[in-house]
Amino acid sequence: MSITVIIPTILRPLTNEQKRIDMEGAKVSEIIDHMEQQYPGIKEKLVAGESAHRFINIYVNDNDIRFQDGLATNLRDGDIVTILPAVAGG
Amino acid sequence: MLTIHSKLIAAMITQALTDHPIETCGIIAGPTGSNLPLRLIPMRNAAQAENFFMFDPQQQLQVWKEMSARHEEPIVIYHSHTNSQAYPSRSDVELATEPQAHYVIIPTYHLYNEEVRSFRIVDQMVIEERVRIVQQYQPELELQMVA
């Protein structure tokens with residue numbers, strides 16, 4: 001189950017400046033756990049407790065995981081997971 | 001320093017005044033590494049609040065994919081302040097994630113006289129920069145401008 005993960009600029013210092021990385025996993029949460037093994041420190045940037053950080057957008061292909069099963073969203077071979085920090089402020 | 005066409009400034013102010021008292025937001029994309037704002041893209045404020053904005057996540061994905069395909073980046077990230085001065089708020093600083101971008105703030109509260117200001121926000125540090133408004137770009141670039 002090979003999944004492509006698109007990494008935003010702000011997190012690339014943690015992924016040796018790679019913009020796309022290939023990961024194995026059947027759910028978004030598994031992908032994040034596998035990323036943490038290879039790129040320690042990345043999980044805490046993405047996850048707070050049982051869900052993604054409020055201001056981190058995670059998409060499977062074109063779909064925001066908030067409107068699917070969150071971190072439990074299932075993945076299929078060839079899916080693209082895109083991570084984008086929300087643009088927000090006051 | 002932010003160098004920006006007057007039409008782009010005018011478009012941001014018009015959008016901000018139209019959306020007032022809700023905060024307005026958007027980006028101006030330009031070629032990666034160019035530091036040249038060209039294509040203004042108003043974003044939907046998913047928060048629909050007077051003191052907060054968040055780009056609609058679905059629109060953000062589409063716009064970011066489009067920029068990537070066109071070898072562009074967000075040169076300017078703008079939003080309005082509806083009842084405070086044009087200086088980054090605490091949440092503006094905490095949530096800033098584009099160190100290469102010019103963070104532009106447009107005040108829509110009449111006391112602040114629509115004075116548009118620009119900042120860099122890097123590692124939670126705010127640095128104000130000069131805004132140089134120009135009346136024209138080079139002709140071929142002006143043709144690509146969307147204001």
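Two bridges join strand E8 of chain A to strand E4 (residues 53-54) of chain B, and the two strands run antiparallel. Here helices (H or I, at least four residues) and strands (E, at least two) are DSSP runs, numbered from the N terminus, and two strands pair if DSSP finds at least two bridges between them.

Before going on, a word on how to read the model. It is a predicted one, in which local features need pLDDT of at least 70 and side-chain atom pairs count only at pLDDT 80 or more, while totals for chains, interfaces and linings use all residues. Residues are numbered from 1 along each chain as its sequence is written, and chains are lettered from A, with ligands numbered from 1, in the order in which they are written. The term pLDDT is the predictor's confidence in each residue, from 0 to 100. For chain B the mean pLDDT is 95, and 99% of its residues reach 70 or more. The model scores ipTM 0.94 and pTM 0.94.

Let us look at the meeting of the two chains. In all, 15 residues of chain A are in contact with 18 residues of chain B; contact means that the C-beta atoms of two residues, placed from the backbone, lie within 7 Å. On the side of chain A that touches chain B, the elements giving two or more residues are strand E5 (56-60), strand E7 (80-85) and strand E8 (88-89) of chain A. E7(A) provides the largest share, three residues. Sorted by class, this side has eight nonpolar, five polar and two charged residues. In that sorting, Ala, Val, Leu, Ile, Met, Phe, Trp, Tyr, Cys and Pro count as nonpolar, Asp, Glu, Lys and Arg as charged, and the others, Gly among them, as polar.

Now step back to chain B as a whole. It has four helices and nine strands, and from the N terminus on they follow the order β-α-β-β-β-α-β-α-β-β-β-β-α. The radius of gyration of chain B is 14 Å, close to the 15 Å that the globule rule gives for 147 residues, so the chain is as compact as a globular protein of that length. That radius is taken over C-alpha atoms, and the rule is 2.2 Å times the number of residues to the power 0.38. Along the principal axes, the C-alpha atoms of chain B fill a box of roughly 40 × 30 × 30 Å. Of the 147 residues, 38% count as buried; a residue is buried if 20 or more other C-beta atoms lie within 10 Å of its own, exposed if 12 or fewer, and partly exposed in between, with C-beta atoms placed from the backbone. Among contacts in chain B between residues at least 6 apart in sequence, 63% join residues at least 24 apart.

A sheet comes next. Six strands of chain B form an open sheet in the order E3-E2-E5-E6-E7-E8, with mixed pairing. Its edge strands, each pairing on one side only, are strand E3 (39-43) and strand E8 (125-129) of chain B. From one strand to the next the twist averages 30°, where axes are lines fitted to C-alpha atoms, for helices over the stretch in contact, and angles run from 0 to 180 degrees between N-to-C directions.

Follow E6(B) through this sheet. Six bridges join E5(B) to E6(B), and these two run parallel; B:Ser80 has B:Ile106 in E6(B) as its bridge partner. Three bridges join E6 (residues 102-107) to E7 (residues 117-122) of chain B, and this pair runs antiparallel. There, B:Ile105 is partnered by B:Arg117 in E7(B). Six of the six residues of E6(B) are buried, so the strand is largely enclosed by the rest of the structure. B:His102, B:Val104 and B:Ile106 point one way from E6(B), and B:Tyr103, B:Ile105 and B:Pro107 the other way. Helix H1 (residues 6-19) of chain B lies across E2 (25-31), E3, E5 (72-81) and E6 of chain B, running at about 50° to E6(B).

Most residues other than glycine have a negative phi, and most peptide bonds are trans. A cis peptide bond, however, joins B:His20 and B:Pro21, with omega about 10°, and B:Pro21 is found in the loop between H1 and E2 of chain B. B:Gln124, in the loop between E7 and E8 of chain B, has a positive phi near 70° and counts as exposed, with 9 C-beta neighbours inside 10 Å.
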